[in-house]
Amino acid sequence: MTEIGKVAIVGVAQTKYEEDKIDQTYSELVFEVVKKLHNDLGITNDDVGCVITSSNDFNDGRTIANMAIQDAVGSVRKAESRVSGDGAFAFMYGAMRILSESFDTVMVVSHCKCSEVSQYLVNNTIFDPYYQRHLGLDQISSAGLMANMYMNKYGVTEEQAAMVVVKNRKNALNNPYAHLREEISINDVLNSKMMAYPLKELDFPPFSDGAVAMLLAKEDVAKKMTDTPIWFKGYGNCTDAYYLGNRNMTDLIGLELAAKEAYRMAGVNNPRENLDVCEVSESFSVHELMIYEALGLCDKGEGGKFIESGETEMNGSTPVNPSGGVLSSNPTMANGLIRVAEIALQLQGKADKRQVPNAKTGLAYGMNGICSQGNCVLIFGGEN
Amino acid sequence: MSRKKSQEKIFEIKWKTDLPYRYSIGKLAVKFFEELKENKKIMGSKCSKCGKVHSPPRAVCAECFIEMTVEDMVELSPRGTLEGFTVINYPFTDPATGGLRPFPYGYAIFKLDGADTYTMHFINETDYTKLKVGQRVEAVFKEEREGNIGDIMYYKVIKEEK
């Protein structure tokens, strides 16, 4: 079996993320990124061994929705499978096809058009249809409950939460793919319309349309395809209790466990010292503070003080979300794979204006479900 | 690209999926809704190994991997202690009716006396400055109950020391 650390990302491609890409079908979005990747790498579909995609049937408006993109992704008469969930899990599935020595190359693609259906209704269907769904729980109301409990327990303030939004939106100015590219102030966040106390409209991401693709390859093939292969170093996955009432709502235990496993595999002993850059799936402002704690970038309850320290800013010791994060671009199912793509660009030194200088080791965090239910932590390195 | 009126016919179709289900909810949920409808009682389920009481009742204790049956169901107090809250201030399409639910409305997460897990439900307070973690809350039942979760209309804050 191929060892971990011998699977590489050889190239990535993204669409611009926008509110309403009415002039492109989701299949066309997929074709845009796959074709771009072929051209960038100088390959054809014949060079792709296997295809793994990620999307959500309710968002795509049909079941077995991977068949709607079959031509565009190049999977006709090929080994193909699909993760009905976040794209970070599709990365893992794709990497496993190489680790098991089934294929030399795997195309991993994720897409989402949030504009095509009410995301509140789609998110409401996550909940069971007899005890919870009729009470209107969705991603916004759940986030309000979690934020209230976390902030109350640790004394984290709304101003500290707003600093996350200000940071990520500022970073998005440097990302040509980002959806929201407008600098905002702490007061803008605090004065925006209340959505679910204590969270305001600007504490939440927009809804975006877009797609992302990447090609994975085994070591010898990767080195032929690119001078800057990015190596897959560690992986951790942990699903917390589905029922919110069965969770510790003030700490992201599932993410903590996933990170611990990924760190062990990648030899990360001190995340703050060892990680040069992180891209995380923050579903709301306060969520990113909780993610800092679960990743061990700061102690429990210290997320608010940690954002104030500036360590997660572009010029801090551990920049988090140089791309602008989910708060700037949110094609929901693709978020995790976008995090992986952005880390790959950082470690390749190809992140242009959002480049973290000398980034050697990076972390990508993808999430399924509500409030960090399903957690996928991936560690990458630029040198082998 | 912005949504241009003149292009709508070319670029989009609209549809609404009507997908009726006949959904099996299991013996514990049946008992839960029967007790709620007939006797205004809120039931949980207690793991025979670790003793954890789940609200609403669950059929498997995830910690012990042990099945809980109707015999493991226990009555919970309609009163509990507030652990967190939010006030929802955006339009929400009610999945039960398809219509828009009036907003704002309060949403609470609390532990019912006798339960070990959190329960979530509406709370009849939309001024978040009046809600505090640790407050006591109590279920308010519908007079004409139908055997669904809406039979608990909401929880209300009560003055009572725990």
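**Packing and contacts**

Trainee: Which residues is A:Leu378 in contact with, leaving aside its neighbours within four places in sequence?
Mentor: A:Ala88, A:Phe91, A:Tyr235, A:Ala262, A:Val340 and A:Ala364. Contact means that the C-beta atoms, placed from the backbone, lie within 7 Å.

Trainee: What kind of model is this?
Mentor: This is a predicted model, where local features need pLDDT of at least 70 and side-chain atom pairs count only at pLDDT 80 or more, while totals for chains, interfaces and linings use all residues. Residues are numbered from 1 along each chain as its sequence is written, and chains are lettered from A and ligands numbered from 1 in the order in which they are written.

Trainee: How many residues does the largest nonpolar core have?
Mentor: It has 151. A:Leu216, A:Ala344 and A:Leu378 have the most contacts inside it. A core is a set of buried Ala, Val, Leu, Ile, Met, Phe, Trp, Tyr and Cys residues joined through C-beta atoms within 7 Å. Buried means 20 or more other C-beta atoms within 10 Å of a residue's own; exposed means 12 or fewer, and partly exposed is in between.
Trainee: What about a second core?
Mentor: There is a separate one of 5 residues, including A:Tyr17 and A:Leu180.

Trainee: New topic. At what angle do H4 and H15 of chain A cross?
Mentor: Roughly 65 degrees, and their axes come within 5 Å. Axes are lines fitted to C-alpha atoms, for helices over the stretch in contact, and angles run from 0 to 180 degrees between N-to-C directions. Helices (H or I, at least four residues) and strands (E, at least two) are DSSP runs, numbered from the N terminus.
Trainee: Which residues meet there?
Mentor: Among them are A:Ala88 and A:Phe91 in H4(A), and A:Leu337 and A:Val340 in H15(A).

Trainee: And chain B, how many helices and strands?
Mentor: 2 helices and 12 strands. Along the sequence, the pattern is α-α-β-β-β-β-β-β-β-β-β-β-β-β.
Trainee: Is chain B compact or spread out?
Mentor: More spread out than a compact globule, because its radius of gyration is 20 Å, well over the 15 Å from the globule rule for 162 residues. That radius is taken over C-alpha atoms, and the rule is 2.2 Å times the number of residues to the power 0.38.
Trainee: What share of chain B is buried?
Mentor: 30% of its 162 residues.

Trainee: Last one. How many residues of chain B are in contact with chain A?
Mentor: 35, against 32 residues of chain A. E6(B) gives the most to that side of chain B, with 6 residues.

Notes: Two residues are in contact if their C-beta atoms, placed from the backbone, lie within 7 Å.
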